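Dear colleague,

I am passing on the model that we spoke about, together with some notes on it. Please look through it before you read on.

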Amino acid sequence: MTADNTALSTAAERALIEQYEAASTGDAVKLMREKAIAGFRSRGLPNRRVEEWKYTDLRRGMNEALPIAEMPAAAEAKAAVDTVAGFGDMAGARIVFVNGLYAPELSEISGVEGLTIRSLAATLAKSRPQGLGELAASLTDSALDLNTAFMRDGALIDVAAGAEIEKPVEILHVAAGEPAATYTRHVVRVGEGAKVCFSEVYSGKGHYQTNTAIEFSAAKGAEVSWIKLQNESREAQHLSTLLSRLDGEVGFDHFIFNSGAHLSRTQTFLRFDGEGSRAELRSAMLITEEQHCDVTLVVDHAVPNCESREFCKSVIDGAAKGVFQGRINVFPHAQKTDGRMVSQALFLSESVEMAYKPELEIFADDVQCAHGATSGQIDEDLLFYLRARGIPEAEARTLLVLAFLSEVIEEIGDEQVVETLEERTRTWLGY
Amino acid sequence: MPAVQETVDRVREIDVEQYKYGFVTNIESDKAPKGLNEDIIRFISAKKGELEWMLETRLDAYRRWLTMEEPDWARVSYPKIDFNDLYYYSAPKKSGYGLKGLDEVDPELLATYEKLGIPLREQEILAGVEPKNRVAVDAVFDSVSVITTFKEGLAKAGVIFCSISEALREHPDLVKKYLGSVVPISDNFYATLNSAVFSDGSFVYVPEGVRCPMELSTYFRINEQNTGQFERTLIVAEKGAYVSYLEGCTAPQRDESQLHAAVVELVAMEDAEIKYSTVQNWYPGDADGRGGIYNFVTKRGDCRGVRSKISWTQVETGSAITWKYPSCILRGDDSRGEFYSVAISNCHQQIDSGTKMIHLGKNTSSRIISKGISAGKSQNTYRGLVSAHRKASNARNFTQCDNLLIGQDCGAHTVPYIESKNASAVFEHEATTSKISDDQMFYCLQRGLSEEEAVALVVNGFVRDIIQQLPMEFAVESQKLISISLEGSVG
């Protein structure tokens, strides 16, 4: 290989290239991988000079390329999965990835009508799966490039037109064993008029790196809700990219709960491709110690008459740093767009940091777009009010934090999920 | 076809009407050779009769500039500027340094300012206006200051108000102390270029405890073809001082674009207050986007002392391209920064403007109100930064940026950066983008207003918060300017 490595300045970047060259196989998407690694080679890891990554400098934050993870022994894998508290027995179908690899014996993927789940690795050995790389082609991003270059396994999920899947479909990611890197890639396609709920869970122990990407498309009239629980180990690095495309009259409800990882970046790209759709992207962030958590949302209103809501609530403690970047793009002729974005942060300690960049980019005139951002500490008056009524300080604080988050959590609707998340918040607050 | 012709004529009329300052003054001028090199800088420095240190500073800036790249992050696009195809110095022959009084100024020049409605003769000003509304004017024509009025009167109060060239000759130590202390010479590409070749601008020094007895203003006029204007303004308000300063600007209507790269530095010491207002009406280019001024400006105020206050108010209607972020460094405890802006873009204008509020001291507060109005095929971007550093306890910011869209071919963008490193900092930010609602239009039309009048009415309501911040004379002018800028954007 005589390719240009001039953009690569850190050891981690060079190690990634070496890893790629060593692991290079000749599967069905070899070309796609080559293109992605070439992109990475020319740009390197995102750093603060890259506008989209201004507040999350991976060149500094990611200083090693861990070896690519392998499947642990069956018993170890089972033990690891058993300790994960996802949404428990609520789930219907469940697909489990241990160290980024599909674990069939721990999964339950058949028996739900209208739902097809296959493993990406098994398919890749034969052919290029439908939809893979389609949405990714529109994005230039090094984290996604790395995912494409290294993707090992993932779920190919198809929901048939008109199907109504009653119980949530759970996609569980667990890291176990030695420090390693995992690359999962999912392609999720929801058919016309189908109704489904996904829960996507990340969990693990110790030091590891997760890079996950999802290409999601919803056909006309689909109703999709999606809950992502990022509960990685505090030593882990979590990079995730959700690329979504909504056809007309789709309802999409997305919620992210970020509390894990030493460094995390959750980027969501959503494109309205059909009229009359509505998307709600909510996120809650609970971080402490030295955690760095970046939530980035980009909504493209490419067609008229769509509605988007972005709502991000951050609770920051210790010396953690929160980042919220949101952008609403309204394309020319995307009239009657209604886009709103709110970002609020609550600081629980003195040495926290928060950076916001809520952008509006509007090329059509008959639109209504707005964004708001606020940050501050717990209102002492509110605390006083509660304490004056005999509520101990710790409990009063917990109540106020829960109240702060409730705006995004309660919208989920499902009581059991709401309770689970509130319980998590209480545990996090140590109450 | 006649109907079509009529429309064409009508549009042309509106276009000409729109920019009534587009005339050219035929006047003999003294120019430096075209291009930029160390000799040109020596030439400018010699013309101004500057001291050695100033020349060295300029050359240092020039050498740094050679190593810098033109920034490309702003949402503006324009053909690459050939910096060697410009005149960096152009002065009317009978003007500037060495003139005794207004009588020696070229009558052609005086006529120009008369036509622009800028009062240069003190007795005339006194005759017409009540003394309390007097305004002292520094008139800058291309690269030189033509005249500064009321200098003696101001001097009695201890206020120094003169062109920066004169200040460099008369008060070199004072200028040396502050020049470049807010905007360092290598701050950014255009500021560095300005530090190398700046020609004229104003200098204001208000000593301790003095409340400047009248409004100060500078009127910038670009006249000569292919020249760049590089103004440099420095305002220093000592402990407890107060000054209100206005700037206005116009340029002739031409097919080529011209460069205006200014640097403005404000220094407010303990308890001082500086109010800086701009009505920017450079030639915006014609309806097809030909010509117009490239306005690349670095403006920054430093609230150095405790309880100091700096307020920026701007009404931006002109320029083909605006790249401008008047900022406040809130260094002193309890200091306050304000930014009020109306940015109106029509036809093919591109605006990328906003502010930076950098909270360094304790209990500092800032307020940003930005109103963008885009019409025609223009692009209007608000770009701003609010940041609180570790030690900026109890910093407060309130930001509101609203955009109004008129017509479906324009764009309005908001790019705010909010960075908080102090938990006790409270930041609030809100932004909206919408068009004039059908209800509002219906209400106005139903009461017999024409569509254009209705738009003007709604727009004036939209920008009222900002206009109220302007000194009275400017407020009236701005209101007119806004309706003229939007002419032809409806229907």
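This is a predicted model: local features need pLDDT of at least 70, side-chain atom pairs count only at pLDDT 80 or more; totals for chains, interfaces and linings use all residues.

Residues are numbered from 1 along each chain as its sequence is written, while chains are lettered from A and ligands numbered from 1 in the order in which they are written.

In chain A, the domain assignment gives domain 1 (68–379) and domain 2 (380–431), with bounds that come from an automatic or database assignment. Their C-alpha centres are 25 Å apart, and 16 residues of domain 1 of chain A are in contact with 20 residues of domain 2 of chain A (contact meaning C-beta atoms, placed from the backbone, within 7 Å). On the domain 1 side, the elements that give two or more residues are strands S11 (251–258), S13 (278–287) and S15 (307–316) of chain A, and the largest share, four residues, is that of S13(A) (strands being DSSP runs of E of at least two residues, and helices runs of H or I of at least four, numbered from the N terminus). The residues of that side are 11 nonpolar, two polar and three charged (nonpolar: Ala, Val, Leu, Ile, Met, Phe, Trp, Tyr, Cys and Pro; charged: Asp, Glu, Lys and Arg; polar: the others, Gly among them).

Helix H2 (residues 30–43) of chain A has A:Arg33, A:Ala36, A:Ile37, A:Phe40 and A:Arg41 buried (20 or more other C-beta atoms within 10 Å of the residue's own, all placed from the backbone). These residues cover an arc of only 140° around the axis, which puts them on the same side of H2(A) (the arc is that of the directions from the helix axis to the C-beta atoms). Their cover includes helix H1 (11–23) and helix H6 (142–150) of chain A, and H2(A) is followed by A:Gly44, whose phi is positive, near 75°.

The largest nonpolar core has 259 residues, and those with the most contacts inside it are B:Val204, B:Ala237 and B:Val243 (such a core is a set of buried Ala, Val, Leu, Ile, Met, Phe, Trp, Tyr and Cys residues joined through C-beta atoms within 7 Å). S13(A) gives the most to this core, with six residues. Domain 1 and domain 2 of chain A both contribute residues to the core, so it lies between them.

Chain B has 13 helices and 24 strands, and 54% of its 491 residues count as buried.

With best wishes

Note on methods: Two residues are in contact if their C-beta atoms, placed from the backbone, lie within 7 Å. A residue is buried if 20 or more other C-beta atoms lie within 10 Å of its own, exposed if 12 or fewer, and partly exposed in between; C-beta atoms are placed from the backbone.
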